[in-house]
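Dear colleague,

Please find below the structure that I am handing over to you.

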Amino acid sequence: MKTWPDTFQHLSKPRPRVDGPDKVTGRAEYAYDVLPQDWLYAMILRAPVAAGTVSGIDLDAARRVPGVRAAVLSRSLPVQVRFYGEELAAVAAETPQACHDALRAMRLEVNEASFVVQELEAVLPDAPRVFEEYENISKAQESRQGNPEAAMEDAATTVEGYYATSVNLHQPMETHGNTIRFNGEELLAWSSTQGVFGVRDGLAGAMEIPLSKARVITRYMGGGFGSKFPAGAEGRLAAELSKASGGRPVKLMLTRFDESLAVGNRPSCFARVKLGTDSSGRIKAYEMTGFGCAGYAGGGSSEGGSGGASFPANHLYPAENARIDQRSVTINAGSGRAFRAPGHPPGVFIQESLMDQMALALDMDPLEFRLKNDDSPIRRKEFQMGAERIGWKENYRKPGSSEGVVKKGLGCAGSFWGVPGGDSNAEVQVNPDGSVVIRCGTQDIGTGTSTLVPLVAAEVLRIDPNLIKGEIGDTRFPYSGGSGGSRTAPSVAPAVFDACVNAMEKVAAKSGMEDVRGDQWTEACNKLSYPIVAQGEWKEGSLSSRGAYGAQFVEVEVDTETGFVDLKRIVAVHDCGLIINSLTARSQVNGGIIMGIGGALYEDRIMDPVSGVVLNPNFETYKLPGIADIPDIDVVLLNFPERGVIGMGEPVHIPTSAAIANAVANALGVRIQTLPITPAKVLSALGQTGNDQYQRSLSDLQKALQRVDEVASLSQENLSEFVV
Amino acid sequence: MKSFSYSQAQSFEGAVERFHEASASRYLAGGVDLLGEMKDSLLEPDRLVNLKGIQESDTIEAGDEAWTFGPNVTIARLEKHGKLRERFPAIAEAARHVGSPQIRNMGTLGGNLAQHSRCWYYRHKDIQCLKNGGALCYARQGDSRYHCLFTDNPCISPSVSNLATALMALEGKVHVLTERGEEEWSLEDLYRDAWRNPMAHNSLAPADLIVRVVVPDAGRRSHYLQQSDRAEFDWALVSAAASARMEDGKLRDARLVVGCVAPGPHQLDEANAMLEGKALTSDLAAAAAEKLLDKADATPENAYKVPSQKPSRGAA
């Protein structure tokens with residue numbers, strides 16, 4: 001058995017999560033819930049300024065607070081602080097109150113320095129520098145193909161647009177953190193992570209012990225979205241505190257306030273884009289000058305795992321003649337990290353907004369314009385199916401032609417995600433009673449991996465999934481990579497498949513039966529005198545592949561008197577190769593869209609230009625969509641078993657904000673050029689507020705991109721490296 | 001949070017006595033605002049005097065001439081009381097838009113009126129702003145998107161009480177137990193100090209206690225509207241309440257009040273007077289609102305608040 005069967009008993013069907021009952025009853029034990037004997041609370045002391053030098057921290061004052069068992073510095077002094085909230089020290093104590101008291105007891109010696117927290121100011125020549133040695137703007141990450149200048153010159157129609165997106169926070173329901181027991185020799189961590197092995201390696205490295213002496217467990221975790229790959233400063237500090245308190249377990253879970261400062265974000269993006277088409281409406285030329293801002297650093301260089309300032313350009317409908325000048329800009333704010341399809345939602349917002357601009361200039365239906373320029377047959381099909389579901393032909397009107405105070409609009413956008421699987425191993429133990437245990441060192445980040453493992457095994461063995469116990473989330477299980485890049489399903493499913501096939505062969509050999517699947521399984525297993533064990537691994541082949549497409553359509557109503565955007569309906573058409581579980585796949589689409597709604601309409605980490613703090617470090621003013629903000633979501637899944645398993649967590653999130661922005665522009669006849677689209681921006685774009693903040697931000701955006709042009713013509717020596 | 005003593009009051013007078021037994025007491029009712037301020041170390045009381053045990057402090061009495069509300073009536077009851085919604089739809093609607101169901105179940109009428117500023121500078125643990133005894137109103141130089149259109153106060157944080165906006169439109173009165181005895185305050189009185197003292201959230205001295213709210217039942221029609229970023233569980237960006245008696249199709253004693261744009265709910269005699277004796281048309285409402293918002297002193301961040309109030313008044 002080399003590939004997926006032609007017909008399925010268990011896959012591609014709606015299967016409830018195996019851990020659903022545990023989750024809804026509270027029995028599921030998250031890193032937050034683990035309570036080992038004698039555990040201590042812990043908290044982090046953070047920099048109260050956005051920039052400056054901390055030369056003294058009174059750790060002894062913390063240690064004198066009753067109940068405090070350990071206090072450690074995050075880094076040796078003096079510390080150059082580059083953002084408000086940077087980790088300085090941590091304490092562990094018997095009670096949370098003792099931790100609070102200890103944090104307040106520690107006097108700091110701080111020399112404040114000037115700072116810059118607004119991206120559009122940071123690019124200007126006289127802005128305070130985040131790093132003394134360099135301007136805040138980086139060298140270019142340039143690309144050129146064809147002859148863009150000539151092609152733009154020759155284009156029959158050209159359009160140009162300025163766009164920007166805000167910094168978004170991951171805001172997982174379970175904050176970052178760990179409970180760690182480390183006696184100086186052996187380390188055990190219960191982590192809220194997307195990668196148990198990455199955390200193991202990070203903690204073992206920081207504590208200077210062999211990898212074999214560190215173990216990380218993640219039975220359940222409450223979301224990460226790209227921000228929970230590494231141990232992070234909070235993991236390192238928990239391990240140090242545990243050691244300093246004589247090996248007592250230390251629970252260091254961040255507060256919601258902490259969560260907004262130092263554990264990553266989706267970088268903001270700023271761009272001037274230009275598109276040229278020939279007289280038939282085929283895209284011929286593309287130009288982009290832009291920059292992203294990942295705070296003071298990228299995730300890779302700031303204990304964040306990964307994630308930088310780049311975003312895709314000239315994609316989905318690429319022009320053969322293109323010029324891209326993309327840079328990064330640093331500010332005094334927490335670092336970026338990978339965030340669900342890094343760079344893609346902003347990149348697609350920019351690209352798809354420009355597409356609608358061009359369709360308008362061409363006097364062409366924007367759907368028709370896309371179909372004309374989309375070289376992917378799968379996505380063209382998805383666009384056509386989505387158009388039918390939303391009633392595009394009957395309901396689409398030209399921008400701004402909706403009558404009345406409340407205006408209706410339709411918009412669409414496409415997506416692509418192309419990361420393949422890999423790096424996964426699984427082990428199967430078959431018991432003589434026919435029951436099966438599968439172990440894989442992956443983790444379930446909420447997407448349903450713990451349900452996928454037994455389902456895949458049940459399909460291969462053709463047995464009742466209730467006979468199968470899947471065990472994941474432990475570095476004592478066979479190595480599997482971090483859950484990111486939508487790689488988990490296409491990595492884990494083939495490894496489990498392979499292990500089950502190998503187990504089946506062993507059972508066949510031992511039992512002397514030819515086909516042990518299905519009805520034969522128990523009989524064959526009964527012939528075993530002891531359990532058999534088989535291994536499996538991900539291999540290049542037809543079990544998994546890469547390349548998930550998607551198209552989303554949005555219907556909105558916008559109140560032109562209040563500026564309020566009311567989402568009426570979203571249609572999402574996506575493919576992910578072979579669908580493992582259509583129920584959890586749908587959940588992925590719903591979740592991705594809801595997160596996209598957040599980015600489109602609400603989410604914006606707001607930095608204070610006066611003090612340099614994050615102004616909205618809570619759910620009161622960092623606004624996430626609530627259930628009342630979610631419209632009907634119509635999910636259409638295309639099943640391509642012949643393509644093997646492809647992940648879909650990211651592609652389903654990519655086009656939502658772009659489709660919403662296009663629908664709003666279609667309703668109003670005027671485009672909101674920056675995300676999120678708030679009532680204030682709508683009223684401003686409709687000319688009701690004069691030269692307000694939004695209008696100023698657009699002129700600042702133009703100025704910032706002019707500055708990039710200037711910088712491009714100067715020596716690049718004083719510039720920092722591009723933040724990847 | 002600092003340690004504090006806890007005291008259970010049986011009567012309003014007893015609550016005041018217990019309040020004075022410690023040096024930095026606070027009254028506790030629903031605790032929605034107070035406990036948040038304590039957790040953020042904005043307030044560090046040494047005593048909490050619980051008001052919830054006070055007999056008959058959570059009653060709604062429907063009198064012929066006026067309704068009387070105890071201060072411990074929860075927001076949820078104001079939202080769900082059928083007869084109240086019939087007589088004073090503005091109150092029911094204002095209540096419905098407060099926070100989440102959990103907050104409405106805990107939060108009280110008195111607490112909603114006496115709540116402290118939600119300004120993100122005031123609430124930030126590492127910022128000491130003017131309202132907190134610092135030297136600077138950060139919002140004036142920083143981000144004022146949720147701040148006042150009207151105030152002469154150096155602090156530009158607005159009152160965000162939905163119920164205050166509705167009650168002002170209905171000419172409600174707040175009875176306050178002060179060191180001078182029980183006094184009847186208008187809603188203007190309740191927020192007067194917040195217009196002039198940057199550290200004041202309202203006119204209540206620390207030991208003052210709201211003991212009842214009285215709303216005349218004068219046969220007024222009323223309505224309350226708010227606009228937020230999100231559909232539910234969000235503060236109003238702007239809000240508006242209106243009320244009037246209708247006599248032969250003409251407006252009498254009309255009141256037009258806007259919220260979240262000033263240190264207290266805001267109305268203007270000239271704007272109200274424009275409505276007197278006229279038939280309600282959208283043009284008339286628009287003209288009155290224009291007058292009400294005429295003197296708005298917007299910042300680039302909150303300029304949107306001016307146009308976004310127009311539809312509110314039209315519908316009201």
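In chain A, 60% of the 724 residues are buried; a residue counts as buried if 20 or more other C-beta atoms lie within 10 Å of its own, as exposed if 12 or fewer do, and as partly exposed in between, with C-beta atoms placed from the backbone. The model is predicted, so local features need pLDDT of at least 70 and side-chain atom pairs count only at pLDDT 80 or more, while totals for chains, interfaces and linings use all residues. Residues are numbered from 1 along each chain as its sequence is written, and chains are lettered from A and ligands numbered from 1 in the order in which they are written.

Chain A has a radius of gyration of 27 Å, which agrees with the value near 27 Å for a compact globule of 724 residues. This radius is taken over C-alpha atoms, and the globule rule is 2.2 Å times the number of residues to the power 0.38. The C-alpha trace of chain A spans about 80 × 70 × 45 Å along its principal axes. Its secondary structure consists of 19 helices and 25 strands; these are DSSP runs numbered from the N terminus, helices being H or I with at least four residues and strands E with at least two. Of the contacts in chain A between residues at least 6 apart in sequence, 81% join residues at least 24 apart, where a contact means that the C-beta atoms, placed from the backbone, lie within 7 Å.

One helix pair in chain A deserves a description. Helix 10 (residues 366-373) and helix 11 (residues 377-390) of chain A have axes that come within 10 Å and cross at roughly 160°; the axes are lines fitted to C-alpha atoms over the stretch in contact, and angles run from 0 to 180 degrees between N-to-C directions. Helix 10 of chain A is therefore roughly antiparallel to helix 11 of chain A, given that angles over 145 degrees count as roughly antiparallel, under 35 as roughly parallel, 65 to 115 as roughly perpendicular and the rest as oblique. In this contact, A:Leu367, A:Arg370 and A:Leu371 of helix 10 meet A:Arg380, A:Phe383 and A:Ala387 of helix 11. These residues divide into four nonpolar, no polar and two charged; Ala, Val, Leu, Ile, Met, Phe, Trp, Tyr, Cys and Pro count as nonpolar, Asp, Glu, Lys and Arg as charged, and the others, Gly among them, as polar.

A:Leu108 lies in strand 6 (residues 108-112) of chain A. With 17 other C-beta atoms within 10 Å, A:Leu108 is partly exposed. Leaving aside residues up to four places away in sequence, A:Leu108 touches A:Val54, A:Gly56 and A:Ile57.

Chain B has 13 helices and 11 strands, and 53% of its 316 residues count as buried. B:Gln309 is placed in the loop between helix 12 (282-293) and helix 13 (310-315) of chain B. B:Gln309 counts as buried because it has 27 C-beta neighbours inside 10 Å.

Finally, the two chains touch each other: 31 residues from chain A and 26 residues from chain B take part in the contact. On the side of chain A that touches chain B, helix 18 (679-685) and helix 19 (693-713) of chain A each supply at least two residues.

Yours sincerely
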